[in-house]
Amino acid sequence: MSSFRAFKIAGDRLKNGVSVVIFPEATIPDAYPPALHAFKNGPFRLAIEMKVPIIPVTSLNTWKVLWDTGKEFGSRPGICDIFVHKPIETAHLTLGDADALRNEVHAIIKQKLQQA
């Protein structure tokens with residue numbers, strides 16, 4: 001139910017021209033070091049419904065600087081490498097394309113992580 005409310009708010013913000021950041025894994029992994037998990041469909045369906053582009057962003061080493069709790073593995077000052085990929089247009093897509101869009105974005109981010 002909270003996811004539904006969050007996407008309703010995100011949709012309202014998009015309608016008003018406000019950019020929205022969504023983490024499509026919808027989970028904070030407990031494994032150290034973290035691994036990329038499967039993406040949920042919600043963000044991609046929302047982008048298609050709203051006809052807004054998706055801009056994939058890869059955070060290469062943030063986990064090394066700022067771990068979840070900061071207790072077990074520590075958090076420390078540092079530089080995080082963030083890569084902003086080319087936008088992916090969704091205006092021509094239908095909801096039937098959501099899985100393919102999700103897989104495309106996942107592959108883009110996974111490839112960048114493997115290059116690091």
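**Pockets and a surface patch**

I will begin with the second largest pocket, where helix α1, residues 2–15, makes the biggest contribution to the lining, at 4 residues. Please keep in mind that this is a predicted model. The volume of this second largest pocket is about 230 Å³. Its lining includes Ser3, Ala6, Phe7 and Ala10, and also the run Val20, Val21, Ile22, Phe23 and Pro24. Ala26, Lys40 and Pro43 are among the lining residues as well. Sorted by class, that lining has 10 nonpolar residues, 1 polar and 1 charged.

Now the largest pocket. Its volume is about 1500 Å³. There are 42 residues in the lining, and those closest to the centre are Ile22, Phe23, Pro24, Glu25 and Val57. Which elements give two or more residues to this lining? They are α2 (42–50), β1 (57–59), α3 (62–65) and α4 (98–115). Of these, α2 supplies the largest share, 4 residues. By class, the lining of the largest pocket splits into 33 nonpolar, 6 polar and 3 charged residues.

Val57 sits in strand β1. Is Val57 buried or exposed, or something in between? Its relative accessible area is 42%, so Val57 counts as partly exposed. Val57 also belongs to a nonpolar surface patch, together with Ile55, Ile82 and Val84. The accessible area of that patch comes to about 350 Å² in total.

That is what I have; questions are welcome.

Technical notes
Residues numbered from 1 in each chain as written. Predicted model: local features only at pLDDT ≥ 70, side-chain atom pairs only at ≥ 80, totals over all residues. Heavy atoms only, no water. 1 Å grid on protein atoms, 1.4 Å probe; cavity = no way out; pocket = protein on both sides within 12 Å on 5 of 7 lines; lining within 4 Å. Points joined across faces, edges and corners; volume = space filled by probe spheres on them. Nonpolar A, V, L, I, M, F, W, Y, C, P; charged D, E, K, R; others polar. Patch = residues over 30% accessible without salt bridge, like charges linked within 9 Å, V, L, I, M, F, W, Y side chains within 5 Å. Areas by Shrake-Rupley, 256 points an atom, 1.4 Å probe, with all protein chains shown as cover. Salt bridge = Lys/Arg side-chain N within 4 Å of Asp/Glu carboxyl O. Buried < 20%, exposed > 50% of the residue type's maximum accessible area, 1.4 Å probe, protein only.
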